[in-house]
Amino acid sequence: YNQNMPSLLTHNALRVTRHAVPWPGLPAGWSGCRVVQLSDLHFYEHSSADYYDRVAGAVAEAQPDVLVLTGDLV
């Protein structure tokens, strides 16, 4: 963390994107499955409680069947 370069920091920024992924041959039981993938959350001492709430809220709103965490959590 460099206090002299705060404009380069992106902690507490949350971006949500949605994609429909066609998957030929997917078993019928998985049809309509909702996957939430979280990455680059960067939870650390400079993260605000509001950020944690916004992440949890975005996940809850998506109502995922599967949640995948793919790195850079800290």
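Which residues form the largest nonpolar core? Select Val36, Leu38, Leu41, Tyr51, Val55, Val59 and Ala62: these seven make it up. A nonpolar core here is a set of buried Ala, Val, Leu, Ile, Met, Phe, Trp, Tyr and Cys residues joined through side-chain atoms within 4.5 Å. Color by element next: β1 and α1 (49–62) each give two or more residues to this core. The most come from α1, with four. Helices (H or I, at least four residues) and strands (E, at least two) are DSSP runs, numbered from the N terminus.

This is a predicted model: local features need pLDDT of at least 70, side-chain atom pairs count only at pLDDT 80 or more, and totals for chains, interfaces and linings use all residues. Residues are numbered from 1 along each chain as its sequence is written, and side-chain values use heavy atoms, with hydrogens and water left out.

Stay on Val36. Leaving aside neighbours within four places in sequence, Val36 is in contact (heavy atoms within 4.5 Å) with Val59, Ala62, Pro64, Val66, Leu67 and Val68.

Now go to Asp40, in the loop between β1 and α1. Its phi is near 55 degrees, a positive value in a residue other than glycine. Most residues other than glycine have a negative phi. Asp40 counts as partly exposed because its relative accessibility is 40%. Buried means under 20% relative accessible area, exposed over 50%, partly exposed in between (1.4 Å probe, protein chains only).

Last stop: Gln63, in the loop between α1 and β2 (66–69). Phi of Gln63 is near 50 degrees, also positive. Gln63 is exposed, with a relative accessible area of 58%.
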